[in-house]
Amino acid sequence: ELTTAMRLAIIDGYKVTVIPRQLPDLARGAALYSEQCASCHGETGDGKGPLAAGMEPPPIVFRDHERYSQRTLYGLYSTITQGVAETSMPSYHELPAEERWALAFYVGGLAADEVAAAEAESLLADPALNELLAVQNLTVITPAEAETAYGDAGGRLMAYLRNHPEALFDLQSPLQ
């Protein structure tokens, strides 16, 4: 709880932008993952890409549910943007922000329980979960924090939203 409060205070205090400007394109995220990430992290996110052998530390396993539950989408975006010092994880700051967000959402949803996520669409109308239905909260709350705060429904909704971010974006322009 203290870590969460500190993270949110830093984001608020420094006015850090923690949301994508547009709906992340998960198909583009999958293509970028295949092109840029699969050689180390594996085609399925299992950490067993052809270049992974001998890496210290080894590449992150995106299918690991325990790690998934502790990651924020903004944390993934930040890691993609900055890389990780003293590891083989390079910076991808040269990619446009929308592509980095697409990658963050794509890898951020790889370990989401597909069955729970499929059943969670009905939770979009639950007023008790309204806080999770704001993209600025979705990107800075971990699945574990959502589950702690909102029970099983919070964890299931988080899994759904990571794989269906379109539920949080107004797809109609006010200029039309």
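This is a short chat about a predicted model of one protein chain.

Colleague: Hi! What should I know about the model before we start?
Modeller: It is a predicted model, so local features need pLDDT of at least 70, side-chain atom pairs count only at pLDDT 80 or more, and totals for chains, interfaces and linings use all residues. Residues are numbered from 1 along each chain as its sequence is written, and side-chain values use heavy atoms, with hydrogens and water left out.

Colleague: Thanks! How many helices and strands are there in the protein chain?
Modeller: The protein chain has 8 helices and 0 strands. Helices (H or I, at least four residues) and strands (E, at least two) are DSSP runs, numbered from the N terminus.

Colleague: And how much of the chain is buried?
Modeller: Of its 176 residues, 43% count as buried. Buried means under 20% relative accessible area, exposed over 50%, and partly exposed in between, with a 1.4 Å probe and protein chains only.

Colleague: Let's pick one residue. Where does L103 lie, and is it buried or exposed?
Modeller: L103 lies in helix α5, and it counts as buried because its relative accessibility is 2%.

Colleague: Which residues does L103 touch?
Modeller: Not counting residues up to four places away in sequence, L103 touches G29, L32, Y33, C37, I80 and L95. Touching here is contact, meaning heavy atoms within 4.5 Å.

Colleague: What comes just after α4?
Modeller: There G83 takes a positive phi of about 75°.

Colleague: New topic: how much space lies in the largest pocket?
Modeller: About 550 Å³. A pocket is an open set of points on a 1 Å grid over the protein atoms alone, where a 1.4 Å probe fits, with protein on both sides within 12 Å along at least five of seven lines. The volume is the space filled by probe spheres set on the points, which are joined across faces, edges and corners.

Colleague: Which residues are closest to its centre?
Modeller: Of the 25 residues that line the largest pocket, those are H41, I60, T79, V84 and M89. Lining residues have an atom within 4 Å of a point.

Colleague: Which helices supply at least two residues of that lining?
Modeller: Among them are α2 (26-41), α4 (73-82) and α5 (97-108).
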